[in-house]
Amino acid sequence: CSTGIPFDGGLRCLCWKILLNYLPLEKALWSSLLKKQRDLYSQFLKEMIIQPGIAKANLGVSREDVTLEDHPLNPNPDSRWNTYFKDNEVLLQIDKDVRRLYPDMAFFQRPTDYPCLLILDPQNEFETLRRRVEQTTLKSQTVARNRSGVTNVSSPLKTTPSSLSEYEVLPNGCEAHWEVVERILFIYAKLNPGIAYVQGMNEIVGPLYYTFATDPNSEWKEHAEADTFFCFTNLMAEIRDNFIKSLDDSQCGITYKMERVYSTLKEKDVELYLKLQEQNIKPQFFAFRWLTLLLSQEFLLPDVIRIWDSLFADDKRFDFLLLVCCAMLTLIRDQLLEGDFTLNMRLLQDYPISDVHLILKKAKELQDSK
């Protein structure tokens, strides 16, 4: 897997599910485990998306349901309505981020072949998350959960449509792939209140979902949503410390990892290391995004997916990522050694080499030279 998984026959989806500890090595257990996990995901949808939607619909229909206990203005922090409004804050931030996933590709705006029938059932008229966002008039400013204090999370490469009205609205009964991603992130945030949703998680779930939803095997493809949810949850369990601000300076936090990129560089190329130090180019100016988002913002999606083959296959779990970051620096060493602070910052914020095979080959050489 570390040398790149062939796309044919859905092999990559299968390998990723094993590498991310979703599927056990024992092949005989696969079908029962998949059924169990997919049923569990349906349960999550019923509890976290459908039921709040029903509660809201009922309240609109009959007046006697509105008891003080569950009134929208009930100040009790445990009230269902209070939870609903709090969820909406998280939902607005997720919505803003998923609508602009890979804007240079049409895929996420297109309708999925497998919309969630549980939610789109015309018999029930449940409230979809998209409709919930459209009806929510909460100010998006209340949701400043990004960490722009450290660096900008979105890459200058990615241009985004300036307003939501530029997106095509799909007819009833259809849902776009970005809506599926939104649901996955919303369920994750509900089940993991300690971390909830932090900007950038959309960039982690995007390549996973794209890989599973384009699987040539239609049976796997049909369950892309549930399978992505569990693989994303497992992946986040390994990298979530990067997203938790209070852990930034601990041994498992992002600052420590960024410093390791520089200490590895010092070992491999002391001249380049000293140059960056001299120009006061700190690793958080660029490596924060590289490491936190597993390079998903630096390259085009097919290249990100190829890099992730190597990352997921790394038995030390993402130590290889540090070497890839070092390789990226050493491959542009001549430009960096000649450039001034402004020029070098531009190079690092908008990385110039697009051939990821060259980068991975260099990272492998660095690994072997230890």
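Modeller: A cavity here is a set of grid points where a 1.4 Å probe fits but cannot get out, and its lining residues have an atom within 4 Å of a point. The model is a predicted one. Rolling a probe the size of a water molecule over the atoms shows where empty space is left.

The structure holds 2 cavities of 30 Å³ or more. The second largest cavity has a volume of about 50 Å³. Its lining is made up of Ile49, Ile119, Thr128, Leu129, Arg130, Glu175, Glu179, Glu182 and Arg183. Two helices, α5 (129–135) and α6 (177–191), each supply at least two residues of the lining of this second largest cavity. The largest share comes from α6, with 3 residues.

Helix α6 also takes part in the lining of the largest pocket, where it supplies at least two residues, as do α2 (30–61), α4 (117–120), α7 (201–213), α8 (218–222) and α9 (224–239). The volume of the largest pocket is about 550 Å³. This pocket is lined by 25 residues, of which Tyr114, Pro115, Glu222, His223 and Glu225 are the closest to its centre. Helix α2 gives the largest share of the lining of the largest pocket, 6 residues.

Now the packing. The largest nonpolar core has 109 residues, and Met201 and Trp308 touch the most other members. Helix α14 (residues 319–331) contributes the largest share of this core, 10 residues. At least three residues of the core come from each of domain 1 (11–56 + 74–135 + 171–240) and domain 2 (245–369).

Leaving aside residues up to four places away in sequence, tryptophan 308 touches Trp16, Glu203, Ile204, Pro207, Leu208, Leu293, Leu294 and Ser296. One of these, glutamate 203, also has a side-chain polar contact of 2.9 Å with glutamine 297. Glutamine 297 and glutamate 203 are 94 residues apart along the chain, while their C-alpha atoms are separated by 7.4 Å. Glutamine 297 sits in the loop between α12 (287–292) and α13 (301–313). Why does glutamine 297 count as buried? Its relative accessible area is 2%, and buried means under 20%, so glutamine 297 is classed as buried.

How values were computed
Residues are numbered from 1 along each chain as its sequence is written. This is a predicted model: local features need pLDDT of at least 70, side-chain atom pairs count only at pLDDT 80 or more; totals for chains, interfaces and linings use all residues. Side-chain values use heavy atoms; hydrogens and water are left out. Helices (H or I, at least four residues) and strands (E, at least two) are DSSP runs, numbered from the N terminus. Buried means under 20% relative accessible area, exposed over 50%, partly exposed in between (1.4 Å probe, protein chains only). A polar contact is a pair of N or O atoms within 3.5 Å; within protein, one must be able to donate a hydrogen and the other to accept it, and residues adjacent in sequence count only if both atoms are side-chain atoms. A nonpolar core is a set of buried Ala, Val, Leu, Ile, Met, Phe, Trp, Tyr and Cys residues joined through side-chain atoms within 4.5 Å. Domain bounds come from an automatic or database domain assignment. Contact means heavy atoms within 4.5 Å. On a 1 Å grid over the protein atoms alone, a cavity is a set of points where a 1.4 Å probe fits but cannot get out, and a pocket is an open set with protein on both sides within 12 Å along at least five of seven lines; lining residues have an atom within 4 Å of a point. Grid points are joined across faces, edges and corners, and a volume is the space filled by probe spheres set on the points.
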